[in-house]
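Here are my notes for you on this model, as numbered points. Please keep the structure open beside them as you read.

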Amino acid sequence: MPIKVPNNLPAIETLTAENVFVMTDTRAMTQDIRPLQILILNLMPTKIDTETQLTRLLGNTPLQVELELLQTSTHKASNTSEEHMIAFYKTFDQIKHKFYDGMIITGAPVELLDFEEVEYWDELCEIMEWSKRHVHSTFHICWGAQAGLYYHYGIQKHQLPKKLSGVYKHRLDYKKGMLFRGFDDEFYVPHSRHTTVYREDVEAVPELKIISSSEEAGIYAIKSKNDRQIFIMGHSEYDADTLKKEYLRDKNAGLAPEVPCNYFPEDDDTREPVVKWRSCANLLYSNWLNYFVYQTTQYDITQIHDETLEAMIHDNFNINVKVSKFGGTSLAGTEQFKKCAEIIRSEPERRYIVVSAPGKRSEKDEKVTDLLILAAETGGKEAEEILTKIQSRYKVIVRGLKADIDIDGEFAEIFSALGDPAKKDFIISRGEYLNAKILSSYIGFDFIDARAVIFFDEKGDYDEEKTRSVLGRVLEKHERAVIPGFYGSLPDGRIKTFSRGGSDITGAIVAAAAGADIYENWTDVSGFLMADPRIVDHPLSVPVITYKELRELSHMGARVLHEDAVFPVIKVEIPINIRNTNRPEDNGTLIVKNADYYQTNLSISGISGKTGYVAFAAEKTGIGEDLQMRSDFLDVFAKKGITVKNILSGMDSLNIIVHQSEIEDIEEELLSQIGEKVAPVEVEVIRNLAIIAVVGRDLGTSPAIAVKVLGALANRKINIKLIDHGSDKINMSIGVDGEDYASAVQAIYAEFTRK
C-alpha cells in the first residue's frame, strides 16, 4: 500500500527517487475504494493446492479482494472431485458478461505439447482475447505465461535440455518498476518446467519489457508496455513442499529425476527443504494487487472495457500534433503545475498548450480571475489589497517551480493599470497571462502572447479570419509553445477578453489553427459523466460521444464543454478529448463527428435535464397542423421576449414549454392573449415541470431504448406528463413532476447501467 503524506513534504522527492510510492493528500482525496474483483483461471491438476496457494498470497494484503474461480469447459478435471468443481468453479459462459479488476492464469502440465495440441487451447484463446476488454490486469504464471506470450505476441516456447527444477537466484533487470518495489537486489524463486522463452524473442517486441531474470533459470518476469499483461515464468506461489512432492512423485515413478537445485539442504532429499522465496512471493502479489490493479483500475468496474479508448484513438488517427488546454483547477497551485508538466512531457505530440488562470485550491478558495474582476471593478485601496493577495499566491508558485519570471515586475504593471477603465480587460486577463509565462518557463516551451495572435474587430467581435491567418503563421515558427487563454487584442492593441470560459474558446482556436489531430481539454473530471453526480452516485464516464450529442446534452444543462467554446474544432472536425489532470491514466471522453468506429457497451450517451419549467398545453381541433394558429400561439410568447424551450404537438394539441422564471407575474396575461389570438377549447398550465433528456445516437434505430426509459419510470410509478423524440432522433425528452426529477434520473440511469 502507498504512504499518504502532506502535499509539500520534503520527503516526497527523496522517496520517489528511491522508487517508494508516495500518495499526496490531493491524490488520496480523489480515490474511491471498493473490493477488488479477481478471477483465477486454474489450469493446474492439483486445483485445491493451487487455490490455497494463490488465495494465501492474495489475502496477505489490506486490500479487500473478492475471488472467483474459473475452469475450462473443454477439459474435465481428473484430479479434483466433480462436487468440488461444481461447488466452487464457473465456466466461461457463466462469467463472460462480467468485468474483473485482475485475473490470474495459472500454469499447466502440458508444456511438451504444441499450444494448438492442448485440448482446451481454443477456449483459452477466447478467454485471453476476452480479457483484453473485461480485465484490467492479467497475471500469467509459468505455462500460462508462455501461452499468453504466444497468443498475444507470437513468441514461441522452446524445450529445455532437461527439466528446470529448483529454487534459483534472480536479479532485477529493471529496478524502477512497480512490480518489484521493495525487493532486494537478489531474491529466490522456485521453477518447475520443461520449456522456456528466449530473451532475444522478447526483446524483439517493443510492447514488452523484461523486468527480472536469472542466470540459471532465464527470464522470470515480463510486462506489457501498458502494464495490463504480466508474465511470470516461475512459481513464487509454491508451498514449501510443492517441489518436494513433484520430485518424490517422479522418483517413485522410476523417472530418476534430478534433485531440485538449491532446495534440500546439501541436496539431501531426506531433509526438510529450506524456504527462501516466501517473503518475495508475498511482496510480488501485494505489488501487483496494489500498483497494477487497485491504483489504476476504474472505480466503476464496467468501464474497464473503455481502457482501450487510447488504443482506439491511435487506431483511428495518425497523431502528430496535440493541442492541450489546462483548466483552472489543473493549474491552481505548485503541485498542479507539476502534474501538468508531467502530462505534457509524457507525450511529445503535446506541442501547443493553452492555459486558464489559477482556479480554486479548495471549496473555500477563490478563483484568481474572480479576484482580478473584483479588483478591476473596485479600484482604490481594496483593489490593491486584492492584487497583493494574488501576487503572494503567484510568488508561492514561482518559488515552488523555480520558474524564471519577475512576478514583482509583472504586478507593478498590473497595479499601474488600476483605475483606468480602458485597461479593465488587461487586468482581468493577467491570470491566464501569468500562468502561461510560468508554465512556459518551467517546461522550456516558447511563450506566445495571445494579444499578438487572437484578434477582435472594432465592434469587439472575434475576428476569425485575421486570427486564423496570423496564428497559423506564428505557430509554424514555434515547435512547442504555451499560449494564455481567455483574451486577445482589439485593432488599437488594447486587451479584449472573451466571455467567461473563454480559455476553452482559445484552446479550440489554437487547435484549429495548428491543424491538431486531437484537442485535449484537461479538467478535474475524467470525461463527460453519464448523469449528474449530484443525483447519481459515481456515474459512469462516457467513452465516446458525437458533436451532436454534445450539443443536445449542453442544451439541456449538462456540465460539458459548451458548443460555442469548441465550435472552431467542430468546424474542422478535430476530435476533442476531455481528460482529468488528477487522473491522467483515465482515457476520459472522446468527442467526434462520427462514433461508428468506436466500441462501447453503453446504449445511451447521457441523461441531463432541468427543473422549473411550465407547459402551456392547448387543445383545439387541427391546432397542431394549422400553421396560422401555431404562429399566433408562438407570437404571444415572442412579443414578451420569452424563450420557448420546446414545442410538442399532436393533430389537435400544442404544448409550449417555457421556463418558470420568465413568466412570473404575467401568466394570466399570457392566457388572456392566447385566448384572444387562438381561442382554443382549453389551455392547461402544467407547472413545476422537469424536462429530462435521454441522449444517444442509437435512439432512432433501437426501439428498445425508449421501452427501457418508459419501463424504468413505470417501475418507480413516476407519471410522465410530456414525451417527445427530437427531430435528429438522438434525443428523447420526458416531462415529469419536478418533485420526481431526481428519482426519474436515477431510475433511467440504473436501467441503462444494470448488468
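1. Thr 467, Leu 471, Gly 472 and Leu 475 in α18 meet Ile 509, Val 510, Ala 513 and Ala 514 in α19, where contact means heavy atoms within 4.5 Å. By class, the residues of this α18 and α19 contact are six nonpolar, two polar and no charged. Here Ala, Val, Leu, Ile, Met, Phe, Trp, Tyr, Cys and Pro count as nonpolar, Asp, Glu, Lys and Arg as charged, and the others, Gly among them, as polar.

2. Before going further, a word on provenance: this is a predicted model, in which local features need pLDDT of at least 70, side-chain atom pairs count only at pLDDT 80 or more, and totals for chains, interfaces and linings use all residues. Residues are numbered from 1 along each chain as its sequence is written, and side-chain values use heavy atoms, with hydrogens and water left out.

3. How do the two helices of the opening point pack? Helix α18 (residues 464-476) and helix α19 (residues 502-514) make an angle of about 70 degrees, and their axes are 9 Å apart. That makes α18 roughly perpendicular to α19. Angles under 35 degrees count as roughly parallel, over 145 as roughly antiparallel, 65 to 115 as roughly perpendicular and the rest as oblique. Axes are lines fitted to C-alpha atoms, for helices over the stretch in contact, and angles run from 0 to 180 degrees between N-to-C directions. Helices (H or I, at least four residues) and strands (E, at least two) are DSSP runs numbered from the N terminus. The α18 and α19 crossing is right-handed; a crossing gets that name if the near helix is turned clockwise from the far one by less than a right angle, and is left-handed if anticlockwise.

4. Next, another helix pair. Helix α12 (residues 334-346) packs with helix α14 (residues 380-401) at an angle of about 50 degrees, the axes being 9 Å apart. α12 and α14 are therefore oblique to each other. Thr 334, Phe 337 and Lys 338 in α12 meet Val 396, Ile 397, Gly 400 and Leu 401 in α14. That contact of α12 with α14 has four nonpolar, two polar and one charged residues.

5. An open sheet of eight strands runs in the order β15-β16-β14-β13-β19-β21-β22-β20, with mixed pairing; two strands pair if DSSP finds at least two bridges between them. β15 (446-447) and β20 (544-546) are its edge strands, each pairing on one side only. α12 packs on this sheet, where it touches β13 (322-326), β14 (350-355) and β19 (518-523), and its direction makes about 155 degrees with that of β14.

6. The six-stranded open sheet has the order β24-β25-β23-β26-β28-β27 and antiparallel pairing. β24 (644-649) and β27 (720-725) stand at the edges with a single partner strand each, so one side of each has no neighbour in the sheet. From one strand to the next, the twist averages 30 degrees. Strand β26 (residues 682-695) and strand β28 (residues 731-737) pair in the antiparallel sense over seven bridges, and Ile 692 stands opposite Ile 734 in β28. Helix α20 (residues 547-555) lies across β23 (606-619), β24, β26 and β28, at about 65 degrees to β23.

7. Finally, where does confidence fall under 50? pLDDT, the predictor's confidence in each residue from 0 to 100, averages 86 over the protein, and 90% of the residues score at least 70. Over residues 1-12, pLDDT stays under 50, and the model has 30 contacts there beyond four places in sequence. pLDDT also stays under 50 over residues 18-31, with 40 such contacts.
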